[in-house]
Amino acid sequence: MTEIASPHISHPRVMVLGVQPGTPPFRIVEIDGQVVGEARTLTDVLLAAAAYGITVHDADDPEQVRWVGGDKLTWRLHQKMR
């Protein structure tokens with residue numbers, strides 16, 4: 001038998017989408033592909049995961065959390081240069 005040559009693509013249960021405008025700005029959190037709420041801090045993401053029985057041991061591990069449009073430290077919109 002041969003192994004598949006394609007790289008492994010992880011599908012973590014927790015996904016945090018890009019920063020949305022608001023006062024304060026927020027990010028949408030999805031668990032198992034379903035929108036479960038808004039997060040304004042990393043703590044909000046961890047609490048949302050815990051509410052669904054998910055313990056995140058390492059927020060930088062792409063097998064646990066997928067960050068879209070930034071990482072765990074990205075909570076503000078980027079200003080466009082003119």
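Is K72 buried, exposed or partly exposed? In this predicted model, K72 has a relative accessible area of 23% and is therefore partly exposed, given that the buried class ends under 20%.

Apart from neighbours within four places in sequence, the contacts of T74 are with V19, R27 and G69.

In another, the side chains of D32 and R13 come together at 2.8 Å, N to O. This pair again links distant parts of the chain, with D32 placed in the loop between β2 (26–31) and β3 (34–39) and R13 in the segment before β1 (14–20), 19 residues apart. Both partners are partly exposed, D32 at 47% relative accessibility and R13 with a relative accessible area of 40%. A further salt bridge joins R40 to E38, whose closest N and O atoms are 3.2 Å apart; here R40 is partly exposed with a relative accessible area of 34%, and E38 is partly exposed with a value of 46%.

The strands are arranged in an open sheet of four, in the order β3-β2-β1-β4 and with mixed pairing. Because β3 and β4 stand at the edges and each has a single partner strand, one side of each is left without a neighbour in the sheet. From one strand to the next, the twist averages 25°. The strands β2 and β3 run antiparallel and are joined by five bridges, and within this part of the sheet V29 stands opposite G37 in β3. The helix α1 packs on the sheet, where it touches β1, β2, β3 and β4, and its direction makes about 20° with that of β2.

Conventions
Residues numbered from 1 in each chain as written. Predicted model: local features only at pLDDT ≥ 70, side-chain atom pairs only at ≥ 80, totals over all residues. Heavy atoms only, no water. Salt bridge = Lys/Arg side-chain N within 4 Å of Asp/Glu carboxyl O. Helix = DSSP H or I, 4+ residues; strand = E, 2+ residues; numbered from the N terminus. Buried < 20%, exposed > 50% of the residue type's maximum accessible area, 1.4 Å probe, protein only. Contact = heavy atoms within 4.5 Å. Pairing = 2+ DSSP bridges. Axes fitted to C-alpha atoms, helices over the stretch in contact; angles between N-to-C directions.
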